[in-house]
Amino acid sequence: MYLELFLGFLRVGCFAFGGAYGAIPLIRDVVLSHGWLTEERLTYMIAVSESTPGPIMVNLVTYVGSSQAGLLGAVTATAAVVLPSFIIILLVMVLLKNLLDAPYVQAALRGLKPCVAGIILATGVRMVLDHCVSPDGGTLLEPRAVLLTAVLAGLMAVSGPVLKKKASPITLIVVSALLGAAVYGA
Amino acid sequence: MNILADLFLTFSKIGLFTFGGGYAMISMIENICVEQKRWITHDEMMTVTVIAESTPGPIAINCATFVGRRQAGFPGAVAATVGIVVPAFAVICILSAFLDHVLEISLIANGFQGIKIAVGLLILDAGLTMVKKMKAKAFPRVIAAASFTATLLAAVFHWKLASVDLMLLAAAVSLAVSAAGGTLKRKGGA
């Protein structure tokens, strides 16, 4: 059982490119083919993983491990999914010392860095828009989400010049949770 | 404070306050590791992000391992990586006892609605910072604008477009442009 968990999630860790959203289909395959969770349960767990702190993959895999084999299962599954990226980064860092200065690597990085910046910016824009446009309305705006977005964005923009210190992401998360509870609870 | 303890605690804090996956974590790491602790520079952060995006596994793990090793070698890498995993692990282990109903508690569900919005804004902010700190030249601007547009269009029209594909394309274009411009011969800074 432990070996199966370990090998199953080791494979996920090795092939999951581009973060959690790339990993979810892989995790689905492994989990469903072993019959570890039902389809419905897995979908629910993805929602829980998105709303609990930490990397989504770690949340998801910890849950599958613990549901199958208790605490030790959770440790096994989590270690399996983390190990590949840990080892790969160490390898890359050892190799990269010289490699990073190579002219062709520099040339590739000159294209890669702005490309990643563009992808991340687009992801942010998309997420903000997704929340503000109501799911059934198409072009209708979700008033509470728009209000929250405006308040939080205002806080981020104003805190720099006024407080001489940009609001930290942690502050912003805490404030947003309180505001969310207040606005959506009302 | 002992550097290993500092790495462990700092990354635990990052892990505890990161919702919604890797991109959200980038603004947190930028804020703490670049601006507050000055463990790495913004340019290094950009390089880690690129490496993290092009290697498998959770982006957060890649970043933690990188910063940890940079600060304190292999033990540092272990301390930072374990640090970022522990909160996620602990929260799920504790929750798994009564996980079935946790999202049905309306106070928690409403709080998460708010957090989701903050996460979107944090990612937007991370993207803006990256674009602002880019070299003010035509080439990076064109690449960033192209990948921005492609990612948004893919989302709107539900294309299957992996960011890895975009990155491969950008690397290829950049290599071709550099080769054509003859900059491959001399050492150039990105």
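This is a predicted model: local features need pLDDT of at least 70, side-chain atom pairs count only at pLDDT 80 or more; totals for chains, interfaces and linings use all residues.
View 1. Chain A contains seven helices and zero strands. With a radius of gyration of 21 Å, well over the 16 Å that the globule rule gives for 186 residues, chain A is more spread out than a compact globule. The C-alpha trace of chain A spans about 50 × 50 × 35 Å along its principal axes. Of the 186 residues in chain A, 44% are buried. Taking contacts in chain A between residues at least 6 apart in sequence, 45% join residues at least 24 apart.

**View 2. The contact between chain A and chain B.** Chain A contributes 82 residues to the contact and chain B contributes 94 residues. On the side of chain A that touches chain B, at least two residues come from each of H1 (2–15), H2 (20–33), H3 (39–51), H4 (56–99), H5 (103–132), H6 (143–163) and H7 (169–185) of chain A. H5(A) gives the most to this side, with 26 residues. Sorted by class, the side of chain A that touches chain B holds 53 nonpolar, 24 polar and five charged residues.

**View 3. Helix H1 of chain B and its cover.** Helix H1 of chain B runs over residues 3–16, which makes 14 residues. From its first C-alpha to its last, H1(B) reaches 20 Å, close to the 20 Å expected at 1.5 Å a residue. The buried residues of H1(B) are Leu7(B), Phe8(B), Thr10(B), Phe11(B), Ser12(B), Ile14(B) and Gly15(B). Among the elements that cover these buried residues are helix H2 (22–36) and helix H4 (59–95) of chain B.

**View 4. The largest nonpolar core, with Ile120(A) and Cys63(B).** This core has 107 residues, and Ile120(A) and Cys63(B) are those with the most contacts inside it. Within chain A, domain 1 (2–99) and domain 2 (108–185) each supply at least three residues to the core. In soluble globular proteins, nonpolar side chains tend to be buried together.

**View 5. The surroundings of Cys63(B).** Leaving aside residues up to four places away in sequence, Cys63(B) touches Met25(B), Ile29(B), Val48(B) and Ala52(B). Cys63(B) is also one of the residues with the most contacts inside the largest nonpolar core.

Notes. Residues are numbered from 1 along each chain as its sequence is written. Chains are lettered from A and ligands numbered from 1 in the order in which they are written. Two residues are in contact if their C-beta atoms, placed from the backbone, lie within 7 Å. Helices (H or I, at least four residues) and strands (E, at least two) are DSSP runs, numbered from the N terminus. Ala, Val, Leu, Ile, Met, Phe, Trp, Tyr, Cys and Pro count as nonpolar, Asp, Glu, Lys and Arg as charged, and the others, Gly among them, as polar. The radius of gyration is taken over C-alpha atoms; the globule rule is 2.2 Å times the number of residues to the power 0.38. A residue is buried if 20 or more other C-beta atoms lie within 10 Å of its own, exposed if 12 or fewer, and partly exposed in between; C-beta atoms are placed from the backbone. The expected span of a helix is 1.5 Å times one less than its number of residues. A nonpolar core is a set of buried Ala, Val, Leu, Ile, Met, Phe, Trp, Tyr and Cys residues joined through C-beta atoms within 7 Å. Domain bounds come from an automatic or database domain assignment.
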